[in-house]
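The following exercises concern local features of a protein structure. Each task is followed by a solution in steps.

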Amino acid sequence: MHPLFKENDTSSRIVSLVTILVTACALFMAGCSSGDQDVTRFPRNQTLYVGGFQWGPPTTFNPLDGIPAWPMTGNMNLVYETLFGYNQLTGQLEGIIGKEYRLEDTSLYVTLNENAAWQDGTPLTVDDVIYTFQIHKNYNTHLHSHWKYLDGIRKTGDNEIEFILSKENYNRFIVLDIISVTPIIPKKVFEPLETKGTEDMSSDQILTKIRKFRNDSLPLGSGPYTLYAYSDRKIVLKRVDSYWGNVLYEARQAAPTYIIHLSFTDNDKFNLALQQGDLDISQTFCPQIWNKFNKGVKTWYPEQPYYVPAIIPCLLMGMTKAPFDDVAFRRACAHAIDYEKIKIVAMYGYSPDLQPGFILPFGAEKPYYSTEDAEKYGAAFNTQKAREILKEAGYSWGEDSLLIDPSGNKIRTLNATCPSGWTDWETTVKIAVTGLRDIGVDVRERFLEYPIWDKNLKNGLFDFTMRTPHPELSPSCPWIRFEKVMSSRHWAPVGQVMYENEGRYKNAAADSLLLALPELSDDAAIKEAYHELNRLFMQEMPAIPLMYRPWHFYQFSTKHWENFPTSDDPYAPPQCLMVGAGVKALWQLDPQK
Amino acid sequence: MTLSPRSRYMFRRVGWYSLTLFVALFLNFMLPRLGPANPIDTIMTKLSSPGMDSQAYLRIYKSYVQEFSLDKPISMQFFTYVGKFLKGDLGVSFTKYPLRVNEIIVNALPWTLALQIPALLLGWIVGNVLGALAAYKRGLFDKGLYPLALFFSSIPYFCFAIVLVFVFAIQLQWFPAMGAYGNDMLPSFSFAFFGSVLTHYTLPFLSLFLILVGGQAIGMRSMAIYELGTDYVGYAKMLGIGEGTIVRYVFRNAMLPQLTGLALSLGMMVGGALITEIVFSYPGIGLTLFTAIRESDYPVIQGCTLLLTLCVLAANFGIDILIGILDPRIKAAQEAGNA
């Protein structure tokens with residue numbers, strides 16, 4: 001018999017196969033985090049599944065790391081809480097750890113809720129709050145730049161703190177951002193990391209040491225949930241039944257005992273899970289959402305635009321080079337783009353009709369919007385008008401019907417970019433390019449890998465590129481949105497990083513308006529200043545707004561839970577039951593019978 | 001001292017393979033670095049806060065460059081890399097910082113092995129038996145099996161995987177569409193957990209298994225038909241040797257190329273896992289590599305491709321040695337000093 005076909009040979013193969021499988025199982029069990037959990041299966045009617053906030057494996061749960069895993073980031077008030085939660089519907093800050101605030105000249109006074117406590121029952125004090133802000137001052141953390149707007153922070157009473165606003169960078173808007181996005185951390189947990197055995201270290205070294213703390217076994221927060229378990233594709237939070245904030249909700253508990261964040265590789269998988277009821281809330285782009293309504297998937301509005309519009313993706317232009325340095329060219333471009341088609345084709349109707357300007361003509365920003373100005377100065381889709389503007393400015397068209405600039409030179413071939421794989425953006429860019437080609441601008445679309453696109457963006461290496469300046473809502477809106485496209489405060493030449501105003505727009509009038517606005521306290525004056533700023537934006541076109549987009553794609557499945565906030569019952573903002581003031585919806589959910 | 005032809009053959013092989021490994025290490029180090037994206041750019045894209053400005057951005061950027069030693073000359077980075085590799089240390093992931101690459105691979109590898117090894121071995125065995133039977137029996141059995149096997153062997157395996165997901169997971173909802181175990185569970189030694197692992201295992205397993213069965217059955221069938229027509233079979237029949245014995249001879253002879261194929265596919269296993277794992281979101285090496293490439297996470301890409309290289313090298317080496325021992329033609333060449 002052939003040596004390979006001996007019977008014992010076969011059996012030894014089976015033995016080795018079994019060994020491999022057993023080892024594999026053992027390795028895998030060891031690889032999964034398992035603390036002292038006694039529950040390994042989560043009852044569906046007590047568990048809320050969410051998705052779309054964390055895309056890769058969690059690495060650290062330390063809120064002082066620049067990129068901690070969900071929900072330790074910014075204003076997700078589940079484990080760590082902020083002083084106040086921003087409500088995107090009203091534009092107001094609602095109390096969480098903070099009870100109330102008042103802004104007086106150069107000081108912001110915050111009173112804490114006297115009940116506020118850490119999850120171990122010890123009180124959350126003014127000291128903890130001051131410690132939290134100090135640590136961002138002392139080290140180069142991701143929130144360090146907040147201190148540009150603060151001169152100091154001090155205790156002014158048992159339960160009161162004073163934030164002293166910077167004289168040099170006085171900004172009433174940003175301080176409200178600051179108190180709504182900084183998670184308060186317990187001094188007793190973080191101070192020892194910072195002080196023990198760090199005498200000879202530089203502040204950067206100490207920060208690196210602090211960052212190494214993964215904080216992944218029972219983090220001590222002040223919020224209604226704490227970390228229970230995690231793996232590469234899943235983060236499990238468990239309710240803290242003794243949560244101090246239950247007093248804010250008639251002493252009731254938040255409805256879900258567990259909140260599980262799932263991560264998948266792409267939007268399609270999230271959408272499939274949502275449709276099958278495996279996911280209760282998803283913050284991802286979902287094409288043709290109306291087709292999923294009959295499967296129990298719902299959004300904020302039952303009809304168009306389905307979501308609450310909040311942010312404004314734009315076409316940025318590399319302003320340092322011709323032809324973009326000519327305002328007539330920019331204005332003509334703004335007239336050449338079919339915004340209605342973008343809304344219908346690229347956005348599936350998830351946007352109200354675009355209005356001219358850079359202020360949202362609805363919601364909290366509506367008082368600052370001027371319809372008359374928009375009619376007078378705004379750009380709308382009108383190819384004829386675009387050609388007229390160009391002709392008036394001295395442009396002409398060659399035999400190939402491509403644009404020739406006033407000095408008689410053919411305009412070079414331009415690129416329009418966006419990150420590849422962002423299909424809705426790719427479609428938008430294609431529609432914009434078609435419009436621009438119609439008026440004779442030789443422009444081609446190019447879709448780049450995200451990190452490359454991002455690098456080119458910050459270094460100013462683009463002609464047209466799609467980008468959302470300030471892709472969130474916060475108390476400093478709409479000021480900060482203008483700041484992000486019009487301010488030359490941190491101006492750097494092309495090839496050097498600019499974190500804002502990547503198009504490198506420069507205008508003294510815009511700069512002084514942007515500086516003056518945050519100092520105003522009179523409502524009428526603020527309103528007038530915004531009108532002026534928006535007029536300037538429409539006249540100068542430092543960026544071309546393309547559509548309104550929701551801040552969060554808030555869509556949910558009613559297969560296992562009901563009573564989600566919607567436009568019919570807007571008891572909480574559409575902030576996915578965890579961001580800012582959205583967290584209060586957790587107390588109103590009911591498991592589906 | 002003169003070496004026996006066989007030892008000489010072995011030594012020469014070992015030499016060539018070591019050289020290949022070194023070149024692979026070098027390419028492995030260089031290739032990801034030739035791309036235009038910088039991993040720290042990737043990390044920085046995730047950082048944002050309302051007050052963040054250019055200066056803050058640059059400060060944080062610099063601190064990451066130092067932490068990952070990307071400010072050192074590339075030659076120095078290479079030798080550090082080789083030194084660490086020899087100690088079995090694959091470094092720290094960029095985007096999953098502070099996770100170590102070793103940890104990431106150890107978490108992912110078992111899933112890949114547990115999916116691929118049974119699929120490959122069972123698919124190979126079942127495919128060969130079916131192929132041999134079809135060749136021997138012909139008739140109805142062959143007429144039924146042959147087109148089916150042809151279908152499975154020619155459909156690209158990712159297409160087939162997507163079809164499986166669409167039919168059995170989305171439409172019929174018999175099996176889950178993705179993941180390795182239920183979303184509602186944590187790993188534990190319980191029937192519920194292993195049951196869940198099994199239901200999640202079924203579709204990805206079938207997607208590999210059926211295709212392999214198809215391919216192997218086609219190969220084995222034609223080899224066996226060829227063998228059945230050879231002189232020695234006719235001679236054996238003439239001698240009146242029992243049918244069972246003849247089938248055994250035929251089977252054994254048709255087997256040799258199939259075996260080489262098996263060894264090769266075991267070697268390519270880690271790479272082959274890629275698309276199956278992406279389609280089913282199965283948390284193995286394939287998905288890990290895919291994610292790492294998207295994020296320019298050099299150390300993880302290097303770790304995965306190195307594993308792939310090692311497997312392919314080991315499989316090839318194994319086949320070389322095996323063939324050296326088994327194949328009489330190679331043996332003859334060794335003795336003549338040509339191989």
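**Exercise 1: A residue with positive phi**

A:Asn215 lies in the loop of chain A that runs between helix H5 (203-211) and strand S8 (225-231). The model is predicted.

Solution. Step 2: Most residues other than glycine have a negative phi.

**Exercise 2: A residue of chain B**

Task: Locate B:Ser281 and describe its phi and its burial.

Solution. Step 1: B:Ser281 belongs to the loop between helix H11 (269-280) and helix H12 (285-294) of chain B. Step 2: Its phi is positive, near 50 degrees, and the residue is other than glycine. Step 3: With a relative accessible area of 4%, B:Ser281 is buried.

**Exercise 3: Cis peptide bonds**

Task: Which residue is joined to A:Pro71 by a cis peptide bond, and which to A:Pro305?

Solution. Step 1: A:Trp70 is joined to A:Pro71, with omega about 0 degrees; A:Pro71 sits in the loop between strand S1 (47-51) and strand S2 (84-86) of chain A. Step 2: A:Gln304 is joined to A:Pro305, with omega about 5 degrees; A:Pro305 sits in the loop between strand S12 (297-299) and strand S13 (309-311) of chain A.

Definitions and conventions. Residues numbered from 1 in each chain as written. Chains lettered and ligands numbered in written order. Predicted model: local features only at pLDDT ≥ 70, side-chain atom pairs only at ≥ 80, totals over all residues. Heavy atoms only, no water. Helix = DSSP H or I, 4+ residues; strand = E, 2+ residues; numbered from the N terminus. Buried < 20%, exposed > 50% of the residue type's maximum accessible area, 1.4 Å probe, protein only.
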